[in-house]
Amino acid sequence: MNIWLNFLIDSLAFGATFMYGSTGEILTEKAGHLNLGIPGIMCMGGAGGCLMLNLIGKSGLPPFLIVLLGILASLLMSGLMGLIYSFMTVTLRANQNVTGLALTTFGVGLMKVIMSKMDATVYLVGPKMFYRWPFAGRQDALQCLGVLFFLAIIVAVASSYILFKTKVGLHLRAVGENPATADAVGINVNRYKYVATCVGSAIAGLGGFYYIIDYMASQEAYLSLEAFGWLSIALVIFALWRPHMTIIGSTVFGFLFSCSSYITNIDWIHVTMAMKPILKMLPYVVTILVLIISSVRNKRENQPPSSLGLSYFREDR
Amino acid sequence: MEKALALQMRGITKRFGSVVANDHVDLDVYRGEILAILGENGCGKTTLMNMISGIYFPDEGQIFVDGQEVVIRSPKDAFRHRIGMIHQHFKLVDLFTAGENIVLGVKEEGRYNLKSVNAAVTKLAEKYGFHLDPQKKIYDMSVSEKQTVEILKVLYRGADILILDEPTAVLTPQEISRLFDVLRRMKADGKSIIIITHKLNEVLEVSDRVAILRKGEHIATVNTSETNEAQLTEMMVGKKVDLEIDRTMPVNAAPRLMVKNLNLDDNEGLHVLKDISFTAYGGEILGIAGIAGSGQRELLESIAGLQPVKSGEIIFLNPKKDKPVTFFHKSMKRVKELGAQGAFHDGKMQPVSFDGMSTSAVRKWVESGDVLFKEDEIINLRDKTPLEIRGLGVRLSFVPEDRLGMGLVGSMGITDNMMLRSYRKGPAMFLDRKKPRALADEIIEELQVNTPGTNTPVRRLSGGNVQKVLVGREIAFTPKVLMAAYPVRGLDINSSYTIYNLLNKQKESGVAVIFVGEDLDVLLALCDRILVINSGAVTGVVDARTATKEEIGLLMTRTERKEDA
């Protein structure tokens, strides 16, 4: 298989991390909440999963069950972070940016503490074969793709379907656009905000689990997870708040992010070590470009939800 | 009348703090009729309707729908009793299509299918004679289309009792006739329609009965066919109440501010001000009366330089005749220009010419105080920013209606708020705090502002004290024109009188005071002349000493639509 196809498949697999992260963030933002805690939540999702695997890894349970419990722990941990965020911003109406940043600082720190105590041999080696079904054992690039990768795509597509084709999605978008209107027609605004934020956080947390245990499968993987959290938030803008667009967006991001290491394999491009960080900048440059283009075109559908970042309180009319 | 009762209200009372918004109101609405609710601003029309539609909950009283007593605590409850309200400010999601907005929040059996919703909406629209494309996005719509969506939203939920809060305020005459056709069709369909308005001609045109509210009380309900404009106005404004405000006759009134043919459009191209012309004299109080939102705010803001006008002149006559020329406006160029135009004399009525003089010689001459103005200085304020206006030496003060939004900074103390007017004075870089603090102390002392100190954030003060600080600051600037928009709104009696006295003092010292008010009794007792505006146009100027409330009420409410004339 040629190098570019390998590169593409690897970008897809790598991009699934962002796919989870930004699908989760889009759901939250559609409810009008800018959750800057996503990096922390992804870290906690990863840490929660690892913790569970460490606890039950040697218990002799079937690998399928071990993985499932790991995923559940990851969802639970990140969902809990989402619950803290929603309690702070929906019920207490705290500033969303400050709350999000605090959660990120908290989540990243706590993850580092947890991960430093983990025994990698237990949680990485055990059920590894399971993740890569149906491509387990293949020697080519396809071995990167597995259950969790396909799940990311399903989640992204399903989120889009729910958001744009169902009544629940209509209500959720109304809450993010104009909560007062939604309230006036009898939609429970706070319930939608809570559910969207918690479900979104759980999805994002799964991204952290996927990256550490499935894609990288290495003890040190957690060190770069925070950066991918930020990339996921940037990807929301790239995807123009449409979950299915994150599939393309995350592949492009994965491609751009890892091209610094691939590009050295190509003879006719000379890359020095100093250029690597510059190449790693590319995803952010692309995000800025998308922002500029979508602002210049100024199409209403491509703008963030109108009440993004604003707390809603019925009596403030 | 053989019609069935749809809605009954008995003894409905609503209080906000010590203010009684509705006082034991009884009202009946029948099936298949259009009931107009008529009243001045703040008479409790909207509050009353909000209680039927579930926005507010009444403190006392009962509501019956079809003879059954009901409790309405939320808009949801109102919908359950088939009551729907179309608010003045539309509640729509801009990004959604009309169909999506209409179906929002409706609990229906079966799968969500926007196509069938759109089909149902189109059918409903056709039934009542609306024209609406359910797939059009709200942000692409005109105001009238948005209103159509709101009405359909209520109809789609199966409402039988529709409440429309000032539905015609934002529409053009053609759109109004179309809306009325629709309303008549709904009436024929057996629906009850309540329309809140203060336009008499519309009441007479469309309604079957009229309920008149005044100061929260239900005055009467009459059959439209048995009444006329004069009777309705009388019931609406009530008997004159005498206020004890000392009003002196204007002394040496001289023109100070002349507005000529002022036109202003809003962002959506609607005409907010139409050909407004008037003159304000120094030494008198000119009142401006009108229904809320008739263009009062825009008028004052365009004079103050906050709104760019479309056409017209705003002339300020600076009382400079025989007064020495100063460098107040710091512009040697302007002094020289005016000198070349022959605007100055040297005290012996000899024209002054700066021809061939050096700049320093001109400066010396001017600073000696021997160069005098021949006539009052004429300054056109149009298309100038507030800063430019001040730079020209125009002493214009503006007390805006939004005290803590436009007038003062709520989180700053009195001293800092004084500095908003003076921070440009003095040497650069550092602020002079001493004078503003002295001024703050003076205002607290003289106007008896009740505050813990000059550094207490003004938003913590009561409404009356905030207004005293704001008016005090503007008066300290020794204005030649003082404009005040609703300066006593929300103030108690004592604070109101303090403000009236301040305005009267300004008038006696020769200031041209422009007072925008809503209480006709106050306008009649305080002002010398009253300018009445209606939908952005001047409908009359009356002498406040001889005019009656009915006269002004009619000027405020009567609109002659072009097609009627």
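I count a residue as buried if 20 or more other C-beta atoms lie within 10 Å of its own, as exposed if 12 or fewer do, and as partly exposed in between, with C-beta atoms placed from the backbone. The model is predicted: I require pLDDT of at least 70 for local features and pLDDT 80 or more for side-chain atom pairs, while totals for chains, interfaces and linings use all residues. Residues are numbered from 1 along each chain as its sequence is written, and chains are lettered from A and ligands numbered from 1 in the order in which they are written.

**Entry 1: helix α1 of chain B**

I looked up the burial of helix α1 (residues 45–52) of chain B and found it mostly covered, with 8 of its 8 residues buried. The buried residues are K45(B), T46(B), T47(B), L48(B), M49(B), N50(B), M51(B) and I52(B). Just after α1(B), I noted a positive phi of about 90 degrees at G54(B). Helices here are DSSP runs of H or I with at least four residues, strands are runs of E with at least two, and both are numbered from the N terminus.

**Entry 2: chain B as a whole**

I recorded 19 helices and 22 strands in chain B. Its C-alpha atoms fill a box of roughly 90 × 50 × 50 Å along the principal axes. Of the 565 residues in chain B, 42% are buried. I then turned to contacts, for which the C-beta atoms of two residues, placed from the backbone, must lie within 7 Å. Among contacts in chain B between residues at least 6 apart in sequence, 71% join residues at least 24 apart.

The domain bounds come from an automatic or database domain assignment. For chain B that assignment gives domain 1 (5–237), domain 2 (251–318 + 381–395 + 478–560), domain 3 (320–375) and domain 4 (411–476). I find the C-alpha centres of domain 2 and domain 3 of chain B to be 33 Å apart.

**Entry 3: chain A as a whole**

Chain A has 14 helices and 0 strands. Its radius of gyration is 20 Å, close to the 20 Å that the globule rule gives for 317 residues, so chain A is as compact as a globular protein of that length. The radius is taken over C-alpha atoms, and the rule is 2.2 Å times the number of residues to the power 0.38. The C-alpha trace of chain A spans about 60 × 50 × 35 Å along its principal axes. I recorded 47% of the 317 residues in chain A as buried.

**Entry 4: helices α7 and α8 of chain A**

Helix α7 (residues 147–165) and helix α8 (residues 167–177) of chain A pack at an angle of about 75 degrees, with their axes 5 Å apart. Axes are lines fitted to C-alpha atoms, for helices over the stretch in contact, and angles run from 0 to 180 degrees between N-to-C directions. I162(A), L163(A), F164(A) and K165(A) in α7(A) meet V168(A), G169(A), L172(A) and R173(A) in α8(A).

**Entry 5: the contact between the chains**

I looked up the contact and found 16 residues from chain A and 12 residues from chain B. On the side of chain A that touches chain B, α8 and α9 (179–184) of chain A each supply at least two residues. The largest share of that side, 5 residues, comes from α8(A).

**Entry 6: I288 of chain A**

I placed I288(A) in helix α14 (residues 282–297) of chain A. I288(A) counts as exposed because it has 12 C-beta neighbours inside 10 Å.
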